[in-house]
Amino acid sequence: MIKTVAIQGAKGSYHHIVSQEFFTNPVAVIECMTFDSVVEALITKECDAAIMALENSIAGSIIPNYALIDDYNLHIVGEHYLDIQHNLMALPNQDISDIKEVYSHPMALLQCKEFFKKHPHIKLVEDKDTAEVADRIHKKQLKNTGAIASVMAAQIFELDILARSIQTIKTNETRFAIVKRTNSEVEQKSVNKASLKFEADHKRGSLATILNVMSDCKLNLTKIQSLPIIKTPWKYAFFVDVTFESYSDFQKAKSVIEIMGQGFKVLGEYKNAKL
């Protein structure tokens, strides 16, 4: 049973929200300001599981997190999709005209840039984490200072929301992976999605051949992401997500790709959260 979970960010962050929504039973969270610290907490057994954002519907893949999961031989045991709604917040009894600076994670600032074009008097400053800024404003009682964070963060840190859903693209979803030190504990009959990694030869058609195997085995390719292999210039590893109706189809594909693709690894077998 999972009792403690490492998250990137402070309480009130989007990772914290995932920890509350994904697990059936309440879990304690370990707040980490970087994903490296999240992984460190997991591999040193400070926590039972970790939550790591993998991709955003606007910004795309968070490539370093794929590398962390691969490098430390971690296993994805589940996934969760979260609708990301950014809100501008500050201490009570202020309005937008009072705000001189807004601090937030670079990704949040990027996703809200059109909103702030309408308020040129506000200086935007990159920071470590959305919720951590909200916490700082609360603790230090920083007037004329705003944060971009979740509704939960505003509630926890007693801030007023000055503007809701300020992200440029209103549909803004992030996919999070639930990661553990050991392989999936999901019952085989419930497994219908997998994350894989392999390397392809430089030969013409080598990648296409592997993708054809997936198709022939009735796997649906939902994502493919390349990542440079640092020690071998101009060679790439491929991270793919596949869904399937029959686990036996996946097993068949896995046995073939293991022969054809170099460095083949199953990063996780779990339940598709999009169904």
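Keep in mind that the model is predicted. Its largest pocket comes in at about 520 Å³, while its largest nonpolar core takes in 43 residues. Let's start with the open spaces and then work through the packing.

**The largest pocket**

- Picture an open space with a volume of about 520 Å³: that's the largest pocket here.
- It has 19 lining residues, and Ile2, Phe22, Phe23, Val77 and Val186 are the ones closest to its centre.
- Two strands, β5 (75-83) and β11 (173-180), each put at least two residues into this lining.
- β5 is the top contributor to the lining of the largest pocket, with three residues.
- Sort the lining of the largest pocket by class and you get nine nonpolar, six charged and four polar residues.

**The second largest pocket**

- Helix α4 supplies the largest share of the lining of the second largest pocket, three residues.
- What is the make-up of this lining by class? The second largest pocket is lined by nine nonpolar, nine polar and one charged residues.

**The nonpolar cores**

- The largest nonpolar core has 43 residues, and Ile51, Met52, Ile69 and Val179 have the most contacts inside it.
- Strand β3 provides the largest share of this core, with six residues.

**Helix α2, face by face**

- Helix α2 covers residues 35-43, and its residues Phe35, Val38, Val39, Ala41 and Leu42 are buried.
- Why do the buried residues of α2 line one face of the helix? Looking down the axis of α2, you'd find them within an arc of 160 degrees, so they line one face.
- As for partners, the buried residues of α2 pack against the strands β1 (4-8), β2 (28-32), β3 and β11, and against the helices α1 and α3 (63-71).
- Lysine 45 follows α2, and its phi is positive, near 65 degrees.

**The enclosed space**

- How many cavities of 30 Å³ or more are there? The count comes to one.
- The largest cavity has a volume of about 40 Å³.
- Its lining is made by Tyr66, Ser195, Leu196, Lys223, Phe239, Val240, Asp241 and Leu267.
- Strands β12 (193-199) and β14 (236-243) are the elements giving two or more residues to the lining of the largest cavity.
- β14 gives the most to that lining, three residues.
- Split by class, the lining of the largest cavity holds five nonpolar, two charged and one polar residues.

**Tyrosine 236**

- You'll find tyrosine 236 in strand β14.
- With a relative accessibility of 33%, tyrosine 236 counts as partly exposed.
- Leaving out residues up to four places away in sequence, tyrosine 236 touches Glu199, Ala200, Ser226, Leu227, Pro228 and Ile229.
- Glutamine 225 is eleven residues away from tyrosine 236 along the chain, and 9.8 Å separates their C-alpha atoms.

**Two loop residues with positive phi**

- Asparagine 144 isn't a glycine, yet its phi is positive, near 60 degrees.
- Look for asparagine 144 in the loop between α6 (130-140) and β9 (145-149).
- Its relative accessibility is 28%, so asparagine 144 counts as partly exposed.
- Glutamate 158 isn't a glycine either, and it has a positive phi of about 55 degrees.
- Glutamate 158 belongs to the loop between α7 (151-156) and β10 (160-163).
- Is glutamate 158 buried or exposed? At 54% relative accessibility, glutamate 158 counts as exposed, because the cut-off for that label is over 50%.

Conventions
Residues numbered from 1 in each chain as written. Predicted model: local features only at pLDDT ≥ 70, side-chain atom pairs only at ≥ 80, totals over all residues. Heavy atoms only, no water. 1 Å grid on protein atoms, 1.4 Å probe; cavity = no way out; pocket = protein on both sides within 12 Å on 5 of 7 lines; lining within 4 Å. Points joined across faces, edges and corners; volume = space filled by probe spheres on them. Helix = DSSP H or I, 4+ residues; strand = E, 2+ residues; numbered from the N terminus. Nonpolar A, V, L, I, M, F, W, Y, C, P; charged D, E, K, R; others polar. Core = buried A, V, L, I, M, F, W, Y, C linked by side-chain atoms within 4.5 Å. Buried < 20%, exposed > 50% of the residue type's maximum accessible area, 1.4 Å probe, protein only. Arc of directions from axis to C-beta. Contact = heavy atoms within 4.5 Å.
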